[in-house]
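Please consult the sequence and the structure shown below.

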Amino acid sequence: MTRILGIETSCDETGVAVLANGRTILANEVASQVDVHAAFGGVVPEIASRRHTECISQLTELALREAGGAPVDAVAATAGPGLMGSLLVGVNFAKALAYGWGVPYVPVHHLEGHIFSVFLAEEPPDFPFLALIVSGGHTCLIWCPAPHRYEWLGTTRDDAVGECFDKVARLLDLPYPGGPSIQKAAEAGDPAHIAFPRSMVHDGTLDFSYSGLKTAVLYQLQEGADDRADIAASFQAAAVDILVEKTKAAVKRMDAPCVVVAGGVAANRLLRERLQEALPVPVALPPFALCLDNGAMIAAAGASRLAHGHVGAMTDTANSSLPLQ
Ligand SMILES: Nc1ncnc2c1ncn2[C@@H]1O[C@H](COP(=O)(O)OP(=O)(O)OP(=O)(O)O)[C@@H](O)[C@H]1O
Ligand SMILES: [Mg+2]
């Protein structure tokens with residue numbers, strides 16, 4: 001049995017997990033900092049990195065205890081992209097453990113981690129597939145012909161969809177993080193109440209734009225709209241529509257046999273339902289608990305990297321804008 005430790009510290013969640021044979025979760029501990037940052041309405045980078053430093057040792061001890069103890073066969077960590085201070089905590093901690101145990105250190109791209117969260121679902125997808133990544137910092141369509149090969153088809157030209165959920169929640173005085181708050185508020189609202197714009201939907205590209213949608217919500221509020229449930233429901237419908245239409249177009253363009261959806265916004269129930277209804281091919285989704293940042297997805301991607309001989313060096317460091325390649 002090969003066991004891999006996965007460490008995630010790219011933003012405001014400290015995640016440490018142990019995975020057996022690249023697929024079985026033996027431990028998956030996440031220390032969320034949501035409460036700390038909620039008071040500021042968003043993540044404060046300096047506070048985030050300090051919090052990672054405070055809890056990473058204990059979280060790792062806990063995960064290792066649950067998973068049968070140290071050492072493991074390799075240590076994977078998110079090397080980028082993300083907040084530099086936060087990334088450095090995880091990368092240096094991972095390298096120190098790997099060096100001490102005499103096992104490989106495996107750097108992992110955060111988005112590759114999100115994609116690999118789907119391989120921890122009951123029915124993992126087969127390559128090739130189209131990946132829709134929807135998170136706090138990304139909204140992109142990526143063609144994945146084989147493990148660790150990526151072809152970018154489209155991305156957001158401005159805000160990410162998760163960021164848009166967070167900003168609109170703030171406009172509506174709903175608590176941070178915005179995604180779950182808007183989803184909850186929308187349950188009591190009418191999604192057809194306001195026809196928000198579906199920017200760039202039929203422009204022939206696979207790119208996205210979310211800043212106009214956020215501004216449209218602001219204008220509605222300035223014009224006196226005050227039913228938060230209706231605004232949340234109408235906003236969510238528009239945000240999801242854009243993702244569904246662009247993904248449909250990408251499936252057609254690539255003749256994709258399957259779509260993988262990952263990232264924090266993949267936890268959105270309307271998005272999950274609409275994609276499954278609207279796409280002509282199977283949709284592979286991560287378990288709800290693995291949509292947000294966690295160590296298990298990093299261990300899963302790390303296990304595959306290790307199997308393909310992609311290991312890091314002790315001289316490697318974090319890169320806040322690491323490209324996916
Ligand atoms: N149910 C939901 N509906 C919509 N959005 C959601 C839901 N749950 C979480 N989100 C959003 O997911 C985002 C967080 O996702 P994630 O943790 O993957 O992002 P990140 O790690 O900060 O960014 P990235 O992965 O791009 O570096 C937040 O913007 C949050 O509002
Ligand atoms: Mg993420």
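In which sense do strand β4 and β5 pair, and over how many bridges? Strand β4 (residues 74–80) pairs with β5 in the parallel sense, over five bridges; pairing requires at least two bridges found by DSSP. The model is predicted: local features need pLDDT of at least 70, side-chain atom pairs count only at pLDDT 80 or more, and totals for chains, interfaces and linings use all residues. Residues are numbered from 1 along each chain as its sequence is written, while chains are lettered from A and ligands numbered from 1 in the order in which they are written.

**Sheet**
- The five strands form an open sheet in the order β3-β2-β1-β4-β5, with mixed pairing; strands (E, at least two residues) and helices (H or I, at least four) are DSSP runs numbered from the N terminus.
- β3 (24–32) and β5 (105–109) are the edge strands, each pairing on one side only.

**Strand β5**
- Ala 77 stands opposite Pro 107 in β5, and Gly 80 stands opposite His 109.
- Five of the five residues of β5 are buried, meaning 20 or more other C-beta atoms, placed from the backbone, within 10 Å of a residue's own.
- Tyr 105, Pro 107 and His 109 point one way from β5, whereas Val 106 and Val 108 point the other way.
- In a regular strand, side chains alternate between the two faces of the sheet.

Key:
Buried ≥ 20, exposed ≤ 12 C-beta atoms within 10 Å, placed from the backbone.
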